[in-house]
Amino acid sequence: MPLPHIIRIAILPFGMVNCHLIAGPQGCILVDTGLPGSEAKIGRALRRHGMRFSDIRLIVVTHAHVDHAGSAARLRELSGAPIVGHAGDIDYYQQRKTMTFCSTGWFGRLFLKTGLMRQPYTPFQPDILLADGANLDLQRFGAAGAVRHTPGHTAGSISVQLAGMEVMAGDLLASGILLGGIVRTGRAMRPPFEDDPHAVAAELQHLLDGGAHTFYIGHGGPLRAAAVARHVQALRALPRRPPPAPGCRH
């Protein structure tokens with residue numbers, strides 16, 4: 001199977017919020033869906049590359065935060081493609097519970113005050129709901145690779161690992177000044193929110209051990225393996241403390 005072409009779609013300027021297309025001869029896989037109302041930008045990106053919504057064969061929602069899941073329901077309507085997500089985030093996909101946000105620093109605390117992360121989106125039930133330890137082979141969707149459960153950012157965070165050793169890692173890590181940014185985009189950093197940094201470190205190390213060399217992420221990037229390895233060491237050095245809120249580990 002030919003190696004796919006990875007296309008980054010900037011939902012907000014300077015890589016502040018990204019979606020990605022994994023494009024191949026049989027169509028494409030959309031990884032994340034942006035904020036509510038992002039379908040127009042995604043549609044324009046598809047057209048620039050000679051595709052339409054109907055060419056989307058699968059929608060991967062890496063986790064339930066609004067900047068990744070916000071347009072999932074609408075894009076399913078437009079494309080007819082199934083959505084894959086993980087059971088760990090099911091209450092949030094369906095908007096039955098309010099998410100807990102575990103800030104990683106002053107920017108996360110300030111960002112929460114804007115209200116952006118708490119805005120509602122159209123609830124949805126994933127068509128393919130992964131359980132712990134389950135993977136989804138992407139062969140039938142036109143790509144060589146798999147969707148894997150990679151918890152830590154949220155309980156239900158998932159990533160796409162392609163046979164070419166590229167990874168769509170969602171918010172397992174970020175880069176750039178503030179969020180995405182225009183400088184230091186090749187240097188890994190913690191995203192504004194993160195449930196369990198030690199779990200994130202373990203998942204990133206597992207991906208590195210499997211040969212991953214390029215990480216495409218929701219904010220900034222892409223990142224090379226060396227930058228990710230340094231980030232893993234920084235996460236492992238963080239002290240373990242009692243969680244200040246449900247779902248958070250430090």
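Mentor: Quick ground rules: residues are numbered from 1 along each chain as its sequence is written. The model is predicted, so local features need pLDDT of at least 70 and side-chain atom pairs count only at pLDDT 80 or more, while totals for chains, interfaces and linings use all residues, and side-chain values use heavy atoms, with hydrogens and water left out.

Trainee: What makes strand S2 largely enclosed by the rest of the structure?

Mentor: Strands are DSSP runs of E, at least two residues, and helices are runs of H or I, at least four, numbered from the N terminus. Buried means under 20% relative accessible area, with exposed over 50% and partly exposed in between (1.4 Å probe, protein chains only). Seven of the eight residues of S2 (residues 17–24) are buried, so S2 is largely enclosed.

Trainee: How do you know that S1 and S2 pair?

Mentor: Two strands pair if DSSP finds at least two bridges between them. Strand S1 (residues 5–12) has seven bridges to S2, and the two run antiparallel. Ala10, for instance, stands opposite Asn18 in S2. Their hairpin has four residues between the strands, and Phe14 there takes a positive phi near 60°.

Trainee: What joins S2 to S3?

Mentor: Five bridges, again in the antiparallel sense, with S3 covering residues 27–31. His20 stands opposite Val31 in S3, and the hairpin of S2 and S3 has two residues between them.

Trainee: Why is H6 called roughly antiparallel to H7?

Mentor: Axes are lines fitted to C-alpha atoms, for helices over the stretch in contact, and angles run from 0 to 180 degrees between N-to-C directions. The axes of H6 (residues 197–209) and H7 (residues 225–236) come within 9 Å and cross at roughly 150°. Under 35 degrees counts as roughly parallel, over 145 as roughly antiparallel, 65 to 115 as roughly perpendicular and the rest as oblique. So H6 is roughly antiparallel to H7.

Trainee: Which residues of H6 and H7 meet?

Mentor: Contact means heavy atoms within 4.5 Å. Among them, Leu204 and Leu208 are on the H6 side, and Val228 and Leu235 on the H7 side.

Trainee: What makes S7 and S14 edge strands?

Mentor: Six strands form an open, mixed sheet in the order S7-S8-S9-S10-S13-S14. S7 (135–137) and S14 (223–224) each have a single partner strand, so one side of each is left without a neighbour in the sheet.
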